[in-house]
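Here is a friendly briefing to read with the model open beside you. Let's walk through it topic by topic.

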Amino acid sequence: MRDLALLPKAHLHLHFTGSMRPGTLADLADRHGIRLPAVLLDADPLHVPADERGWFRFQRLYDAARACVRSEDDMRRIVAEAVEDDAAEGSGRLEIQVDPTSYAPFVGGLTPALEIVLDEARRAGEAIGVDVGVVVAASRMRHPLDARTLARLAARHAGDGPGEVVGFGLSNDERRGDTEAFGPAFAIARRAGLAAVPHGGELLGPAHVEEVLDALRPDRLGHGVRSAEDPRVLDRVVDEGVALEVCPASNVSLGVYGADRDVPLRALVAAGARVALGADDPLLFRSRLVAQYETARAVHGFSDAELAALARSSILASRASESVRGRLLAGVDAWLAGDDGEGSGGGATTRSAGHPDAADGPGRAGEPADAEGARVEVRG
Ligand SMILES: [Zn+2]
C-alpha cells in the first residue's frame, strides 16, 4: 500500500486560525492570559449529534481560538506551522485562506495584517519547500462593503509568485447574508485576476449552490458537496468547470452528513467534478490533509490510481504557476509508478519522520468502513 503522505498534492481549503496545532493554541492562550473553553483542547471538540448545533458550536469555538491570535509573532507562527504540517503530508502547494479583519487591530490595520501573512507564507514556503499562495476571505457576517474593501486589498497583492494573493473567498455561515450583495466584491477580485473561491453548498443544498454560481461566478466552491443532491446542479458545476474543495471531515463534524460513508465523494468524482480534498479547520476537526485521502481509500474504496487522480485534480484546480504544477504532476506519476509495498523491491514508501501528527494521523486502513466510533478515535 503506497504511503499517502508521500503523494504530491495541493491543499486548497485550509483556514488560517483553523490550521493551528492544539498545542499552539494552548500556548497562545497562556501567553495572553485567555481562558479557553476546555472542550477546545479535547480530543474531539465537535462530536455532536448530526443537527445544526454542529455549526453554532463550531462558530463559538472558532471565535474563541481566533481571540488568542494577538500579535505579529502569533500570526507568523501559525503560518509557519501550517506550512510545516502541510509539507509533512505531501502538500507541495498550499493556498491558505485568511480574513485579516480580526487580527488587524493588533498589528496596525488590515494592510499590515495581510502583509504579515504574505511575508511569512513566502518565507516559510521557501524555507520548508512548499509553494504557498494566499486566499483573502471576506465574511458573510459582515457588510458587503467590507468585502469590497478586502477585495481591493487582495487585488493589490495579486500574483502567482510565492506569498502572493491568488484568490478571494467568502466564508462563515452560509445561511447568513445576501449572496448577491457580495457580487461586486467578487467582480473586483476577478478583474485583478484572482480566483473566485467562495464557500457554498455545505450547510445549504443545491439551490444555494446555484445562487452562488449565478451571483459570484466561482472558479472553485468551498465544499459544494451538496450539489450532489440535484443532478442538474451538479451537471452545471461540471460544465462550468467549477472545482470543488471537498472536506469530508468538516462535513461529518458539522453534522452535514451522519458518517464518513455518507459524504458523496464517489458521486462527485463519477459525475466528472474536479475535486480537491482539503482539511478546512484541523484545529477543530482533528483531522488533517492526509486523513482526507485515507478516508477516500478506506471508506470510499479509492484505489491508488484513483487517489493519484484526486491528487492531480487538486493540483490542476490550484493557482500554482505552470512550473510548480508540472513538477507536482510528475511527482504524482512517480508515486503511482513506485512500489506499492506488496511487490518485491522497495523502501520507497518510508514516511518522513518527525511529523507531530505522524502517530495519530493515519491508521484508518483496515477499520470497518461503517464504524462511527472509529471516527472519534482516529481524530483523537
Ligand atoms: Zn472552510
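Strands β1 (residues 9-15) and β2 run parallel and are joined by five bridges; strands here are DSSP E runs of at least two residues, helices are H or I runs of at least four, and both are numbered from the N terminus. Two strands pair if DSSP finds at least two bridges between them. This is a predicted model, in which local features need pLDDT of at least 70 and side-chain atom pairs count only at pLDDT 80 or more, while totals for chains, interfaces and linings use all residues. Residues are numbered from 1 along each chain as its sequence is written.

- On to the next strand: β2 is joined to β3 by six bridges, and the two run parallel.
- In that pairing, Leu94 stands opposite Val132 in β3.
- Another six bridges link β3 to β4, again in parallel, and here Val136 stands opposite Phe168 in β4.
- Eight of the eight residues of β2 are buried, where buried means 20 or more other C-beta atoms within 10 Å of the residue's own, exposed means 12 or fewer, partly exposed lies in between, and C-beta atoms are placed from the backbone.
- Strand β4 (residues 165-171) has six of its seven residues buried, so it is largely enclosed by the rest of the structure.
- As background, side chains in a regular strand alternate between the two faces of the sheet.

**The nonpolar core**

- The largest nonpolar core has 105 residues, and Ile96, Val117, Val134, Val136 and Phe168 touch the most other members.
- A nonpolar core is a set of buried Ala, Val, Leu, Ile, Met, Phe, Trp, Tyr and Cys residues joined through C-beta atoms within 7 Å.
- Helix α5 gives the largest share of this core, with seven residues.
- Leaving aside neighbours within four places in sequence, Ile96 is in contact with residues including Leu14, Phe16, Val79, Ala121 and Val134; contact means C-beta atoms, placed from the backbone, within 7 Å.

**Helix α5**

- Helix α5 (residues 110-128) has 19 residues and reaches 27 Å from its first C-alpha to its last, close to the expected 27 Å.
- That expected span is 1.5 Å times one less than the number of residues in the helix.
- Among the buried residues of α5 are Leu114, Ile116, Val117, Leu118 and Glu120.
- The buried residues of α5 pack against α3 (72-88), β2 (91-98), α4 (104-107), β3 (131-139) and α6 (144-156).
- Just after α5 comes Gly129, with a positive phi of about 90°.

**Helices α6 and α7**

- The axes of α6 and helix α7 (residues 183-191) come within 8 Å and cross at roughly 5°.
- That makes α6 roughly parallel to α7, since angles under 35 degrees count as roughly parallel, over 145 as roughly antiparallel, 65 to 115 as roughly perpendicular and the rest as oblique.
- Axes are lines fitted to C-alpha atoms, for helices over the stretch in contact, and angles run from 0 to 180 degrees between N-to-C directions.
- Residues that meet between these helices include Pro144, Ala147 and Arg148 in α6, and Pro184 and Ile188 in α7.

**The open sheet β6 to β9**

- Four strands form an open sheet in the order β6-β7-β8-β9, with parallel pairing.
- At the edges stand β6 (199-200) and β9 (275-277), each with a single partner strand, so one side of each is left without a neighbour in the sheet.
- Helix α14 (residues 304-317) packs on the sheet, touching β7, β8 and β9, and its direction makes about 100° with that of β9.
- Three bridges join β7 (residues 220-223) to β8 (residues 243-246), and Arg220 has Ala243 in β8 as its bridge partner.

- Val238 lies in helix α9 (residues 231-239) and is partly exposed, with 16 other C-beta atoms within 10 Å.
- The C-alpha atoms of Val238 and Ala273 are separated by 5.1 Å, although the two residues are 35 apart along the chain.
- Ser303 sits in the loop between α13 (289-298) and α14, and is exposed, with 10 other C-beta atoms within 10 Å.

**The protein as a whole**

- The secondary structure comes to 16 helices and nine strands.
- Of the 380 residues in the protein, 49% are buried.

Note on methods
Two residues are in contact if their C-beta atoms, placed from the backbone, lie within 7 Å.
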